Amino acid sequence: MGEEPDYRFSLANERTFLAWIRTALALLAGGIAVVQFVPSFGIGWARHLLGISLVAVATMISATSYSRWQRRERAIRLGAPLPASLFPRLLTVGIAVIMVFALAFILIDVATGRA
């Protein structure tokens, strides 16, 4: 499978993989915390929607991070260009959507006098 690359590139790729895993763990913890510790919103299912959404994003990151690491490691060893990925863009949009929903739920509570 190609040549042995400069170890710094492989280690940098591994650090990126580990950063994705840490991000997934943080989102998982956040999702659980939202469901367990955040008081209920005026909309009864809102807390669960936010928590499940965070856990789903964490699962997606965790499920795809190894294959991203592997594709980049292969490209490094073959001297090929690193493969492009839409994943960071999709993750950004996903997190932004969850944040917009959280803001909307908070604003609804403020507007109805619950907060």
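A residue counts as buried when its relative accessible area is under 20%, and as exposed when that area is over 50%. By this cut-off, 23% of the 115 residues of the chain are buried. The model is a predicted one.

Start with the fold. The chain has 3 helices and 0 strands. From the N terminus on, the order of elements is α-α-α. The radius of gyration is 19 Å, well over the 13 Å that the globule rule gives for 115 residues, so the chain is more spread out than a compact globule. The C-alpha trace spans about 65 × 20 × 20 Å along its principal axes. The accessible surface comes to about 7600 Å². Carbon and sulfur atoms hold 70% of that surface.

Now the rings. A pair of aromatic rings is described by the distance of the centres and the angle of the planes. The chain has 6 aromatic pairs, counting ring centres within 6.5 Å. One of them joins Phe17 and Tyr66, edge-to-face, at 6.4 Å centre to centre with 80° between the planes. This pair links distant parts of the chain, with Phe17 in helix α1 (residues 7-37) and Tyr66 in helix α2 (residues 46-78), 49 residues apart. Phe17 has 22% relative accessibility, so it is partly exposed. Tyr66 is also partly exposed, at 45%.

Phe41 sits in the loop between α1 and α2, while Phe105 belongs to helix α3 (residues 87-111), 64 residues apart. Phe41 has a relative accessibility of 12%, which means it counts as buried. Phe105 is buried too, at 4%. Both rings belong to one aromatic cluster, together with Trp45 and Phe101.

Charge meets ring at Arg68. Arg68 lies over the face of Trp20, at 4.3 Å from the ring centre. Arg68 also lies over the face of Phe87, at 4.1 Å from the ring centre.

Which residues touch Ser10, leaving aside its neighbours within four places in sequence? Ser10 is in contact with Pro5 and Glu73.

Conventions:
Residues are numbered from 1 along each chain as its sequence is written. This is a predicted model: local features need pLDDT of at least 70, side-chain atom pairs count only at pLDDT 80 or more; totals for chains, interfaces and linings use all residues. Side-chain values use heavy atoms; hydrogens and water are left out. Rings of Phe, Tyr and Trp (its six-membered ring) pair if their centres lie within 6.5 Å; planes under 30 degrees apart count as stacked, over 60 as edge-to-face and the rest as tilted. Helices (H or I, at least four residues) and strands (E, at least two) are DSSP runs, numbered from the N terminus. Buried means under 20% relative accessible area, exposed over 50%, partly exposed in between (1.4 Å probe, protein chains only). A charge sits over a ring if NZ of Lys or CZ of Arg is within 6 Å of the ring centre and within 35 degrees of the ring normal. Contact means heavy atoms within 4.5 Å. The radius of gyration is taken over C-alpha atoms; the globule rule is 2.2 Å times the number of residues to the power 0.38. Accessible areas come from the Shrake-Rupley method with a 1.4 Å probe; for residues, only the protein chains shown count as cover.
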